[in-house]
Amino acid sequence: MISPQELRRYGYFAGVPAEELTALAKISSLRKFEAGERLLEEGQPARHLMIVKSGQVDILYRLGDNREVVAESAVSGDVIAWSAMLAPHRLTASTVGSRDGELIEIDGQKLKAMCEADAALGYQLMTEIAKGLRERLTGLRVQLAAAK
């Protein structure tokens, strides 16, 4: 478990009542990682929603010829493994630590159950995740345009 105050630092949880924030903290934990450590594998089950607390994580996409390319780097406050919240709950990218750091891991099944039980929490969280994905997509578009 991490502290509710730790979660409060992230916009995803702004305005979440203290009782719910405490419940979220109870299903969350810290995970340390090192630069070069493979954290997630594309296609594997997505069991945790993760927030980068510190360090940097490269998000890798596998191309048709089986090469992996760094599509983006996630830094403090960024969400990775959002697939834990959406069926079919499979990771859509791989990740590797590019600078030592820590992740906040939130149990995906328990978080999803909380969101289903509290529509306001679910709406808020999914809206914030969608904003992050929109920014990631915009970044990829810029990267692709620059490569031409």
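Student: Which residues line the largest pocket?

Tutor: Keep in mind that this is a predicted model. To read a pocket, one lists the residues around the open space and then asks which part of the chain they come from. Here the lining of the largest pocket consists of Tyr 12, Glu 72, Asp 78, Val 79, Trp 82, Glu 128, Ile 129, Lys 131, Gly 132, Leu 133, Glu 135 and Arg 136, and the largest contribution comes from α4, with seven residues. The space in this pocket is about 210 Å³.

Student: How many residues of each class are in the lining of the largest pocket?

Tutor: Sorted by class, the lining of the largest pocket has six charged, five nonpolar and one polar residues.

Student: And which residues line the second largest pocket?

Tutor: The second largest pocket, with about 170 Å³ of space, is lined by Tyr 61, Leu 63, Val 69, Val 70, Ala 71, Leu 140, Gln 143, Leu 144 and Ala 147. Two elements, β4 (68–74) and α4, each give two or more residues to this lining, and α4 gives the most, with four residues. By class, the lining of the second largest pocket has eight nonpolar residues, one polar residue and no charged residues.

Student: How should I read a cavity, and how many cavities of 30 Å³ or more are there?

Tutor: Rolling a probe the size of a water molecule over the atoms shows where empty space is left. In this model the count comes to one cavity of 30 Å³ or more, and the largest cavity holds about 120 Å³ of space. Its lining is made up of Leu 40, Ile 59, Tyr 61, Ile 80, Ala 81, Trp 82, Ser 83, Leu 91, Thr 92, Ala 93, Thr 95 and Arg 136. By class, eight of the residues lining the largest cavity are nonpolar, three are polar and one is charged.

Student: Next come the strands. Which strands pair with β6?

Tutor: Strand β1 (residues 28–33) pairs with β6 in the antiparallel sense over six bridges, and in β1 and β6 one can look at Lys 32, which stands opposite Glu 102. Strand β2 (residues 38–40) also pairs with β6 in the antiparallel sense, over two bridges, and here Leu 40 stands opposite Thr 95 in β6. Finally, β3 and β6 run antiparallel and are joined by 11 bridges, with Ile 51 standing opposite Ile 104 in β6.

Student: Which residues have the most contacts inside the largest nonpolar core?

Tutor: For a core, one looks at its members and then at the elements that supply them. The largest nonpolar core has 22 residues, and those with the most contacts inside it are Leu 7, Phe 13, Leu 24, Ile 51, Leu 111 and Leu 125. At least two residues of this core come from each of α2 (18–26), β3 (48–62), β6 (94–107), α3 (108–117) and α4 (119–147). A second, separate core has 15 residues, including Phe 33, Val 57, Ala 81 and Leu 91.

Student: What is Leu 24 in contact with, leaving aside its neighbours within four places in sequence?

Tutor: With those neighbours left aside, Leu 24 is in contact with Leu 7, Phe 13, Val 16, Leu 111, Met 114 and Leu 121.

How values were computed: Residues numbered from 1 in each chain as written. Predicted model: local features only at pLDDT ≥ 70, side-chain atom pairs only at ≥ 80, totals over all residues. Heavy atoms only, no water. Core = buried A, V, L, I, M, F, W, Y, C linked by side-chain atoms within 4.5 Å. Buried < 20%, exposed > 50% of the residue type's maximum accessible area, 1.4 Å probe, protein only. Contact = heavy atoms within 4.5 Å. Pairing = 2+ DSSP bridges. 1 Å grid on protein atoms, 1.4 Å probe; cavity = no way out; pocket = protein on both sides within 12 Å on 5 of 7 lines; lining within 4 Å. Points joined across faces, edges and corners; volume = space filled by probe spheres on them. Nonpolar A, V, L, I, M, F, W, Y, C, P; charged D, E, K, R; others polar.
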